[in-house]
Amino acid sequence: MKRIAIIGGGISGLAAAFALDERRRAGAPLEYVVYESSPRVGGVVRTEQVEGCVMEAGPDSFLAEKSWAADLCRTLGLGDQLISSNDRDRKTYILVRGRLVLIPDGLMFMVPTKLLPTVLSPLFSVKTKLRMAREWFRPPRAADRDESVASLVERHYGRELVDRLADPLLSGIYGGEASSLSVRAVLPRFAEMERTHGSLGRAMLAARKQMSETASQPARPLFASLKDGMQQLVDALLSRLPRSRLLINMPIDQLRAEAHGWRVSAGAKADSFDGVILATPTHSAAKLLSPCSAELANELGGIAYSSSITVGLGYGREVRQSLPPGFGFLVPASEGRHMLAATFVHNKFPRRAPEDRALLRCFIGGAHADQVWQLSDGELVGLVREDLEAILRLRAEPVFARVYKWKAAMAQYGVGHLDRLERIERLRRPLPNLALAGNGYRGIGVPDCIRSGSEAAMQVLTSLRLI
């Protein structure tokens, strides 16, 4: 009987546990234990039901084009619970000099593919529009090294597009700045498009044309979620795992490599395992692995993380009717606001709020989150309401408010991140039956974390010759 420890009960750790449990139920001679340091499993995936509204504390959805999350939902019997974003009503605004400006049609993740809407949009200056026109004639260019997203975007479109689009978009996803995030890790398609086409606009248009020619089904929605919230996924996973295998409130004190396995110490108890899956943030993995490999711990500890604060606000019918249509807005740093973004949840997905309720999710992240971290929930709600009044002229008192804080939860893929991952992999191999999982490696979204956990389970099973 082979024994495997999973350290970390977030979505990556639960996905790893589910993959192991499927093998166990199929007859593989193994048992596993999930160690979670906090009072609950699921990590940042958490949903509250508040006065008929579905309030997400963490991610509210996942990218539909990344199939790992939807596939797992279907495996768990949640296929009929999947819902799609209301893409017919999808509009997003950028705050520019204190007013909301609609992102023009044809702008595909900051790359303009339609001339007229871009030319007519007040989002960009004449100088930037002229650069967009010239960008179509850029020759192919193969980069010999990694660079920041800001560097690539500025080379193609100028600084204004970095400030007004690249930074706000990436802040909403990573809680970081375009100037510090790696193109090859965060936007590898951009690096490849520059290599093959030169112009990002021409490359994006060619890709869209190819997709429309080969597509046999209607286009997928941009986002997907679950009817009663993302917590449904966690609950479904828990229903399929033996509760005796889940140890909550159980922080790991020490992890020690032995001749053919591992010794895991938690509280007054120590146990031996043949394999270990570390499904924690990389800074936590670094602390645990420091006695085993200082060099590996140093590389893991070099991956930065940012914090985030989500403020959920519920309002009445009058506010719902007064808000602009669409999914919400992004706030460039140059606007001097605390918020990075706000989502009109009642518009983005069906079933998220009653017809007489408006549900807003407001985000503070990165350096802004660190600056206000010590404020009380009431003070944070006050800051967000100040921003909403200035941006939306929204003065109404919310019917309810919730604040969720996530400390050092969002991995920052800095320039050279993929090279760091190669070094981490080289340093991991000598350690017996060890796998790493989580959002610190090759994707921070829910589908990426599920894939990461499942692959880590397969890696340990393979090294233990159980498959």
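Me: What joins S13 to S14, and through how many residues?

Reply: A hairpin joins S13 to S14, and it does so through 4 residues; strands here are DSSP runs (E, at least two residues), while helices are runs of H or I with at least four residues, numbered from the N terminus. The model is a predicted one, in which local features need pLDDT of at least 70 and side-chain atom pairs count only at pLDDT 80 or more, whereas totals for chains, interfaces and linings use all residues. Residues are numbered from 1 along each chain as its sequence is written, and side-chain values use heavy atoms, with hydrogens and water left out.

Me: What makes strand S13 and strand S15 edge strands?

Reply: The open sheet has 3 strands in the order S13-S14-S15, with antiparallel pairing. Strand S13 (254–257) and strand S15 (269–273) each pair on one side only, and they are the edge strands.

Me: Why is Glu160 called buried, whereas Cys292 is called partly exposed?

Reply: Buried means under 20% relative accessible area, exposed means over 50%, and partly exposed lies in between (1.4 Å probe, protein chains only). Glu160, in helix H6 (residues 159–174), has 19% relative accessibility and therefore counts as buried. Cys292, in the loop between helix H11 (282–289) and helix H12 (294–301), has 24% and therefore counts as partly exposed.

Me: Which residues is Cys292 in contact with, neighbours within four places in sequence left aside?

Reply: Contact means heavy atoms within 4.5 Å, and on that basis Cys292 is in contact with Leu255, Arg256, Ala257, Trp262 and Leu431, its neighbours within four places in sequence being left aside.

Me: What puts the buried residues of H16 on the same side?

Reply: Leu380, Val381, Leu383, Val384, Asp387, Leu388, Ile391 and Leu392 are buried in H16. They cover an arc of only 160° around the axis, which puts them on the same side of H16, the arc being that of the directions from the helix axis to the C-beta atoms. The face turned away from this buried side carries the exposed residues Gly378 and Glu386.

Terms used. Pairing = 2+ DSSP bridges.
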